[in-house]
Amino acid sequence: SFFLLQSQLSQALNGLSDRAKEAKEFLVQLRNMVQQIQENSVEFEACLVAQCDALIDALNRRKAQLLSRVNKEHEHKLKVVRDQISHCTVKLRQTTGLMEYCLEVIKENDPSGFLQISDALIRRVHLTEDQWGKGTLTPRMTTDFDLNLDNAPLLQSIHQLDFVQMKVSSPVPAPPILQLEECCTHNNSATLSWKQPPLSTVQVEGYILELDDGNGGQFREVYVGKETMCTVDGLHFNSTYSARVKAFNKTGVSPYSKTLVLQTSEDTQSEEQTLPFPVPLERSQLRRMSPFSSTLNLQPSFPGRSYFELRSSAHQLSLHSSLQSLNSAGEPIAWFSFDPASAHADIIFSNDNLTVTCNSYDDRVVLGKTGFSKGLHYWELSIDRYDNHPDPAFGVARIDVLKDAMLGKDDKAWAMYVDNNRSWFMHNNSHTNRTEGGITKGATVGVLLDLTRRTLTFSINEDQQGPVAFENLEGLFFPAVSLNRNVQV
């Protein structure tokens, strides 16, 4: 009996032990779920923020377009009223003159002389009175702006913006494949391309591209969207970056692709080059640089065209004397040309995109190809042609700056505009620091962007123009110019 009870207890313990083992495994599963929920939450929030930011960007672009229409209506109303003021002033002056002359004639005591001109004067008075007929003293323009913004449907859509219930039955996408033959680096920019695996039938709603900080640090999201190719500007020179991409749909996020190692240009004073991926690790020496910029410019590119012009530049840059030491100290020189891809359609390019003018009398904007987010940068622009005293503008801008207005009209550009006598600084349509001294044909405009001190300074013919133009600059900036058909730089 004793041994029988002992055997029964042992068997019962074995069963309980199995349950305890299963419970431990279940707890591990639950803890893994906690970790997965946290990771999925971060990824989901990132996607949500990206989608909302895209809507905000679209709304800001539409706001700029609507403000442009209001400004055009404003100018039209002013022109009509000013033309009517001018016309009415001339007629009033003529009428007043005729009245004064008639009063002098009435005072004349010579009846014979009066009789000779009275009929003609009476006819002229009647004719002048008829010219002030109906409608002449009525304003041709109303002061009201007959523009009513119909924002009710958009507000309703915003209030109805909500999550669509995810279909759990749909699988997550497979890891994307980086297309090595279409990936390249140029100066401090990198272009990456990827695709879904062959025969994959799972629907993909977008991709998340991540880069580390160029110094072996944590990965950061630099692009979220539907494109399968992305150019990232504003990276550090002579740095080694790691890149990876993953896909997502309503069900979830795929695993990461394989990680690529890429190297930005070391010193482009020599021939500009394209580096194939991947760079072997034994050739990729990490070099500590300034901190990674949190503001990266994201430019979707498209298969079938070369995003960069890869060439050797024969043009030399005349650096300001105070910056000569930078070159001798071994700092990298970033050769760049003007960028047709982001310029206004009215801009005319020549001389391997190193020279620009415009076919419009209105100001149009063109950017340089290379963006800067850290360090000290200086470049010069030569005035090849300057007719009829226009006021071109020079400075820096974000990639999405307005292209159909003078540089500095919006909050995406920091500029100096200058004529043949004086200059002004302008940002967000605010004009400051009028300074005597202008430009002529053959003049040189220098732009000094110091992102260590976060300042922007201008010079004309190597003499500083005015005080420090702008301070507290932060983010990614592209060299920028606005000009019309009377200027070539």
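Ile-383 sits in the loop that links β13 (376-382) to β14 (385-386), where strands are DSSP runs of E with at least two residues and helices are runs of H or I with at least four, numbered from the N terminus. The model is predicted, so local features need pLDDT of at least 70 and side-chain atom pairs count only at pLDDT 80 or more, whereas totals for chains, interfaces and linings use all residues. Residues are numbered from 1 along each chain as its sequence is written, and side-chain values use heavy atoms, with hydrogens and water left out.

**Surroundings of Ile-383**

- Ile-383 counts as buried because its relative accessibility is 1%, buried meaning under 20% relative accessible area, exposed over 50% and partly exposed in between (1.4 Å probe, protein chains only).
- Although Ile-383 and Gly-442 are 59 residues apart in sequence, their C-alpha atoms are 5.1 Å apart in space.
- Beyond its neighbours within four places in sequence, Ile-383 has contacts (heavy atoms within 4.5 Å) that include Phe-394, Gly-442, Val-445 and Val-489.

**Sheet**

- Six strands form an open sheet in the order β12-β22-β15-β16-β17-β18, with antiparallel pairing, two strands being paired if DSSP finds at least two bridges between them.
- The edge strands, each pairing on one side only, are β12 (364-367) and β18 (430-436).
- Strands β16 (residues 413-418) and β17 (residues 422-427) run antiparallel and are joined by four bridges, and Met-416 stands opposite Phe-425 in β17.

**Nonpolar cores**

- The largest nonpolar core has 34 residues, of which Leu-449, Leu-456 and Val-489 touch the most other members; such a core is a set of buried Ala, Val, Leu, Ile, Met, Phe, Trp, Tyr and Cys residues joined through side-chain atoms within 4.5 Å.
- Strands that each supply at least two residues of this core include β11 (355-358), β19 (444-450) and β20 (455-460).
- Leaving aside neighbours within four places in sequence, Leu-456 is in contact with residues including Val-396, Trp-414, Leu-449 and Phe-470.
- Another core, of 19 residues, lies apart from the largest one and has Leu-209, Leu-211, Tyr-223 and Leu-260 among its members.

**Helix pair**

- The axes of helix α1 (residues 2-107) and helix α2 (residues 111-131) come within 11 Å and cross at roughly 155°, the axes being lines fitted to C-alpha atoms over the stretch in contact and the angles running from 0 to 180 degrees between N-to-C directions.
- That angle makes α1 roughly antiparallel to α2, since angles over 145 degrees count as roughly antiparallel, under 35 as roughly parallel, 65 to 115 as roughly perpendicular and the rest as oblique.
- Residues making the contact include Leu-98 and Tyr-101 of α1 and Ile-117 and Leu-121 of α2.
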